[in-house]
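Colleague: I would like to learn how to read the contact between two chains, step by step. Could you take me through it with the structure in view?

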12 protein chains.
Amino acid sequence: MPNKIKIVEDKSVLVVHGPNLNLLGARETETYGGTTLVEIDKSLVRLGKELKIAVVSFQSNSEGDLVSAIQGARGGLNGILINPAAYTHTSVALRDAVLAVALPVVEVHLSNIHKREEFRHRSLLCDVVAGQVIGFGPTSYLLGLRALAELI
Amino acid sequence: MPNKIKIVEDKSVLVVHGPNLNLLGARETETYGGTTLVEIDKSLVRLGKELKIAVVSFQSNSEGDLVSAIQGARGGLNGILINPAAYTHTSVALRDAVLAVALPVVEVHLSNIHKREEFRHRSLLCDVVAGQVIGFGPTSYLLGLRALAELI
Amino acid sequence: MPNKIKIVEDKSVLVVHGPNLNLLGARETETYGGTTLVEIDKSLVRLGKELKIAVVSFQSNSEGDLVSAIQGARGGLNGILINPAAYTHTSVALRDAVLAVALPVVEVHLSNIHKREEFRHRSLLCDVVAGQVIGFGPTSYLLGLRALAELI
Amino acid sequence: MPNKIKIVEDKSVLVVHGPNLNLLGARETETYGGTTLVEIDKSLVRLGKELKIAVVSFQSNSEGDLVSAIQGARGGLNGILINPAAYTHTSVALRDAVLAVALPVVEVHLSNIHKREEFRHRSLLCDVVAGQVIGFGPTSYLLGLRALAELI
Amino acid sequence: MPNKIKIVEDKSVLVVHGPNLNLLGARETETYGGTTLVEIDKSLVRLGKELKIAVVSFQSNSEGDLVSAIQGARGGLNGILINPAAYTHTSVALRDAVLAVALPVVEVHLSNIHKREEFRHRSLLCDVVAGQVIGFGPTSYLLGLRALAELI
Amino acid sequence: MPNKIKIVEDKSVLVVHGPNLNLLGARETETYGGTTLVEIDKSLVRLGKELKIAVVSFQSNSEGDLVSAIQGARGGLNGILINPAAYTHTSVALRDAVLAVALPVVEVHLSNIHKREEFRHRSLLCDVVAGQVIGFGPTSYLLGLRALAELI
Amino acid sequence: MPNKIKIVEDKSVLVVHGPNLNLLGARETETYGGTTLVEIDKSLVRLGKELKIAVVSFQSNSEGDLVSAIQGARGGLNGILINPAAYTHTSVALRDAVLAVALPVVEVHLSNIHKREEFRHRSLLCDVVAGQVIGFGPTSYLLGLRALAELI
Amino acid sequence: MPNKIKIVEDKSVLVVHGPNLNLLGARETETYGGTTLVEIDKSLVRLGKELKIAVVSFQSNSEGDLVSAIQGARGGLNGILINPAAYTHTSVALRDAVLAVALPVVEVHLSNIHKREEFRHRSLLCDVVAGQVIGFGPTSYLLGLRALAELI
Amino acid sequence: MPNKIKIVEDKSVLVVHGPNLNLLGARETETYGGTTLVEIDKSLVRLGKELKIAVVSFQSNSEGDLVSAIQGARGGLNGILINPAAYTHTSVALRDAVLAVALPVVEVHLSNIHKREEFRHRSLLCDVVAGQVIGFGPTSYLLGLRALAELI
Amino acid sequence: MPNKIKIVEDKSVLVVHGPNLNLLGARETETYGGTTLVEIDKSLVRLGKELKIAVVSFQSNSEGDLVSAIQGARGGLNGILINPAAYTHTSVALRDAVLAVALPVVEVHLSNIHKREEFRHRSLLCDVVAGQVIGFGPTSYLLGLRALAELI
Amino acid sequence: MPNKIKIVEDKSVLVVHGPNLNLLGARETETYGGTTLVEIDKSLVRLGKELKIAVVSFQSNSEGDLVSAIQGARGGLNGILINPAAYTHTSVALRDAVLAVALPVVEVHLSNIHKREEFRHRSLLCDVVAGQVIGFGPTSYLLGLRALAELI
Amino acid sequence: MPNKIKIVEDKSVLVVHGPNLNLLGARETETYGGTTLVEIDKSLVRLGKELKIAVVSFQSNSEGDLVSAIQGARGGLNGILINPAAYTHTSVALRDAVLAVALPVVEVHLSNIHKREEFRHRSLLCDVVAGQVIGFGPTSYLLGLRALAELI
């Protein structure tokens, strides 16, 4: 569980990465760029420090584990930054988890999902999150963290 | 696996709880009420005794684990009472598991899914189960167990 | 009018049977079983006694008469148990009557409507009733009455 | 009830006329022609005699009464010739009545419903009747009776 | 039949009220207001006198009776003011009756049907009536009568 | 070309049989019955004689040849009886040919197309023919010829 | 800006005419009648006097100018009578302007839009206005003004 | 034309505000907040200074003027930040203008458009812009400017 | 095969006429005009001479023959002018033939297909041809030939 | 207003260019080619002289101004050649303007709109114009003018 | 007819090639590869020998001829391998022919039809054949023959 | 992880079995046959030897584990043979995993998915795999392996 880490900042957020994002930087670089997930996490921690927010990350290919991770954010953490990847378009369970935790949530996407297949245009989370940042590569995460900082 | 418990009653059923139901009573109480899952399970066991039916419960956030649990009911158990929660609307795998086990299955829902989002109106299991009980809160489970008792 | 009967129990409910249900037990027995409507009504009265609820029944093939019967439940009765049969899928007038009487209403169906023709999957009442019991034959009525007993 | 008439022929059929057909010959004659319903019934009786079939007619503007009339044909009569008029497109109750009586049913229409409004192209009875005769004015009824004669 | 009343004005119109409108003023007052149907009819008669038009009213919960009432307006009366209520969205029979009587017809609605459920946005009569007045409460009827006065 | 046959009756009609009907009686007899196309043609000639109408038949698996056959009926013949079979649902060319010949056309089907696959419910000819006879087996043709006799 | 005119009545309303209405009386008179927009405005002023309401009119072919005109009604005026013409079916900007001004708005149409092309059946304003008057020619405006008088 | 302002920073961007945004802070504050457009523009200029980017703003209710403003950004400016408001959902002309100027464009929305009416879920620009920032109130603009700064 | 004719001009094109066009001038003249196909072909040859292009024509009611004719244009000819008539809306085979020959193709229609039945609005060839000329009667062919002359 | 120019030819037509066409030749040249709008207008004037038709051109990015320009063609001019560009797919106002002027109108498009985004396949003008020329670049205009010359 | 060839093997199958496949190897080689139809047929004969199955091939551009060829396989042959090409998506007649012959049928496609235009995703034969092999170029045929060998 | 097995052949492929396939041979044998998954794997290994390809198998009910297994094939293995079972129709995550590994993938299905429920007709993988083999029972796997052998 990612939320067992001790947190020293005043505020802390969970960053949730969906399926196949573990391959970032090594897969389809023309679409997703060459930055790895570790590098994104590092840049988030760096920006978090500037914003006085501790950043905890979690990646899984399993819908159930992602649901549990979101549930785990209840109580201890102050907000969630999520890139649900493929589950954006198919998971009611993630949507329900977001509804269940009473926290501000920001949804981000690396690529502009509206330029891709028809089924990627619909997000099952889009109307239960506070807002979305879409299409700016790793910058989407950083802008999303800034947005979350305003909300918490 | 939930089906390893020794059963002394003549008949036994598996109760399957889908994702996020572990938070019941602590989450969105205006929609789902304040009863916890443990309390529901206890009241099912109690009614089960009255009906001479042993009740075994299983909850998971993972679609795959729920599929495996349903598969595990083959042979030993006599029926399944299922609240698939979010997977009601997205899981063909659960549907296939229900088709694969040759047991009577009853589907229950706490809230009236027809009063909620459009995508919650469709159940992928509804035409492979024996019947449905929808909208009566924890009572849905108890009525579902009574229905199952008639079928097994 | 079915609501003129004198009622001695503390609570009383109206049971409304839609079109063609008068032929129950004599028609399409492979779908609807061999139990007649009179037998169902009797078993409801019996369960009603156990639950301290008086049960009044009404059947009609006419949409208008069913609307009037539901209207007649205002004031005197405490709840409605309805199997709208064919009108489930076509009657906005029944829906409006349910909205107009300020009473808890439970919808029941003998057969699993989701296993039948596409147009039977949609109920025009489903989101204005408290809940639904679907697919358990005459048991649907009995479970529906139990659900109604909890609500009133 | 139309089925109380004493029948001397070997076989007998019920002719069911839906709503507004009572105005036939007096209404929209450019669409429906100038023949009245009484004239159609007479010509059916005449052809019935030739085919050794007694013909009993019933018209109503009420869906419920039409359902009851069809139900009444069970047992005594040998087949049904029906022009459901407006209820063709909206009545599941008529469909269920046709399913409930175990008799051959032939559906007829005076006008070619496919030349009219979109919603008139769909018949809720078309797949539960034996066949259809559409678009030949009063001749549709006569051909329908001939078809029914073959079936009974 | 409502059209048997003797009429002394030069012109006369039939006002047709659909199902559940008999409960007006006593039901869902936040949607339909506290005015009763009797009060609406009285205000119509009053305005009718001012406009030199006799007003005859008819309410029924039965689709068939409403069809017959509209048919009865042929010959004697000069126009029809109709609030089809729930049958607005489901009755082809009412539409056919409007087509069958060669009279100007005005459709009115108390509430703004476009602010309500999706299925209430479609009227099966809207393209066979002269025009519509929607959303002004009892005033809708009065404006509808004024519109009818212009047409007859 | 089928229209070169010399005709001695006062009136004559072309009977057009669509693709695969040449196998009638030898194929899917549970759906189409055991009567062959030759037998149907003979019974049509026999009824034609009774009705003083000469009957000329044409069958082809080729859409283009069927179009040409219909075109050939212009001038010499008085009407067309057509079972377009599979082309019912896909051929705009047949529709255009029917529009191009200024003759009464009757469409017939052996089986009730509404009981079969969804795509068979739509006929591309239905609104350009005079009427349809559907679902009575070989009798459909005979009734269609009677209808045509009325029209010419 | 139309709202700069000095107003002496107690109440005042803005009448907004959409694109192409400047040609009224000179264009498609079979659909829209021979009355000009000036004549309609005059009759509105006349009725306004009777109702103690000042009437200010504005017509434009430009969506943006119509939006600005509606915005201009904030503060000074008491209600808006609008015939959005072509923009009824395409302008979210007009809808937003109506939402932005906190005033009662009544929508009117000269012709019965439901008798015309499919795309004219949908109004993007219909659920944000108080109500609609449709299909009575210039009388639609007068009835709309009466409705507005009730609301302000 | 907004692009005539002299620019001293190295880079400059055009901020385009769509219809009704001129009322910001004075209209529907529960949806859009109490910040005015002038305040948003000031905060953008301030952030622009920090990012070494000159910021030029333009607001119009007219689709055509917004198209012209976007066209005017060609050559001189380095990017566009756009909140198309109502035109998001209806303007192909704005889309074409974005395609015509060879500049990076970022789309922003104050409110979460996915929580609102169905027709607001679709953006006609979403697949021709670089990315979107949705739902964070005035912060959406600031994040959008940061994203644009990365792109130019 | 139409492509066996010896060609003396520098360039040559195949004109393909679809089903029922052989009846042109003799059929539905209110829709298609009184000009015959022979006259159209002559005027095309005349214009072809002016443009230094040899014109070869082919008409068939058979989809397969039209496919073969288009295939035959490979190599020898320089372009194709096609009026696919009814096959416009149903033939993927013609589309594939157009894709298979590496030649510029222009699609023409005599009538404005958008003023006719819904299914005629869709062309299966429209996105694989260079362009379309629609609605100008025989002039459509002549303009199409001019367009083709520019392309080859 | 473009129609104030003095005209010496016998006939004159208005050429209407929609939004963003002012950038022609400078924008997306791979789609629209390198010819400028001025060059197209010149070539139209040149062809107009040959055909004895005066040609007046008008371009605007504003829907309202285009509507006004079309209205201005009433009386003085003999026909309209229009490339509505983006408004092809969204403007009912342009459609109404075309309906309002009683003149022959020809619609042209530079690119083949059927090869582009789905929403560009639908033209809101296509069934109210005489015909269309699509996909031949600047030649589309010249062919359109020839077509218009035939019509006026 | 392809089935007149004398067959010496124990089993024999008909290979049916749809329209435009005669151009294989010479047309769109980037999609379909450079192998010709003759080469495919040869490799099928070769594999057939290995599998003790005689292979007879037939290609036509005509839907009717393909129907007749399939009909011809009745009796003498043991199975059919079909690549319906363009008719896959449009021919109910081919589907009916497959239903009419009581033989195992395997459907093959050279290209992956799911990577191409939307309308190519639907096969009208897919649910009446035994199975499908899609996307492996000429190998699709060979695998299809192996599958057929298992079935006969 | 299935890819840790040491491989001695030149090439190796991963066989991925989706949810519920572990019950093969014991479940719904009328649909899926009596062969077990172990037997299928053995026959694949046997054919693999013949084709000089090592075969590694993996089955899971968990979507996430299947995603991880596909990811694990990167680098070491040469291709993937996948029967995604229920996830065929619901998993974008599997699709993304297939896109992420740069390997040839072949999709197989035991039953003909087009003969089953509507939702089983759509595969979310079909356009990202090389090809499909559908409907031949265990033979589908063997043919799929042959196809894969051609591709690697």
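Colleague: How many salt bridges are there between chain A and chain H?

Modeller: A salt bridge here is a side-chain nitrogen of Lys or Arg within 4 Å of a carboxyl oxygen of Asp or Glu, and between chain A and chain H the count is zero. Please keep in mind that this is a predicted model, in which local features need pLDDT of at least 70 and side-chain atom pairs count only at pLDDT 80 or more, while totals for chains, interfaces and linings use all residues. Residues are numbered from 1 along each chain as its sequence is written, chains are lettered from A and ligands numbered from 1 in the order in which they are written, and side-chain values use heavy atoms, with hydrogens and water left out.

Colleague: How many residue pairs are in polar contact between chain A and chain H?

Modeller: A polar contact is a pair of N or O atoms within 3.5 Å; within protein, one must be able to donate a hydrogen and the other to accept it, and residues adjacent in sequence count only if both atoms are side-chain atoms. Between chain A and chain H there are ten such residue pairs, both residues being at pLDDT 80 or more.

Colleague: What area is buried between chain A and chain H?

Modeller: The size of an interface is often given as the accessible area lost when the parts come together. With a 1.4 Å probe and the loss summed over both parts, about 1700 Å² is buried between chain A and chain H, and carbon and sulfur atoms give 59% of it. His114(A), Gln132(A) and Phe136(A) supply 31% of the area that chain A buries against chain H, more than any other three residues.

Colleague: Which strand of chain H pairs with β5(A)?

Modeller: Strands are DSSP runs (E, at least two residues), numbered from the N terminus, and two of them pair if DSSP finds at least two bridges between them. β5(A) pairs in the antiparallel sense with β5 of chain H (residues 131-134), over three bridges, and Gln132(A) has Ile134(H) as its bridge partner.

Colleague: What rotation superposes chain A on chain H?

Modeller: Copies are superposed by least squares on the C-alpha atoms of residues with pLDDT of at least 70 in both. A rotation of 180 degrees, with 0.0 Å of shift along its axis, brings chain A onto chain H with RMSD 0.0 Å, which is the relation of a two-fold axis. Val133(A) comes closest to that axis among the residues of chain A, its C-alpha lying at 2.3 Å. With contact meaning heavy atoms within 4.5 Å, 100% of the contact residues of chain A recur in chain H, and the same surface serves both copies.

Key:
Buried area is the accessible area (1.4 Å probe) that two parts lose on being put together, summed over both. Helices (H or I, at least four residues) and strands (E, at least two) are DSSP runs, numbered from the N terminus.
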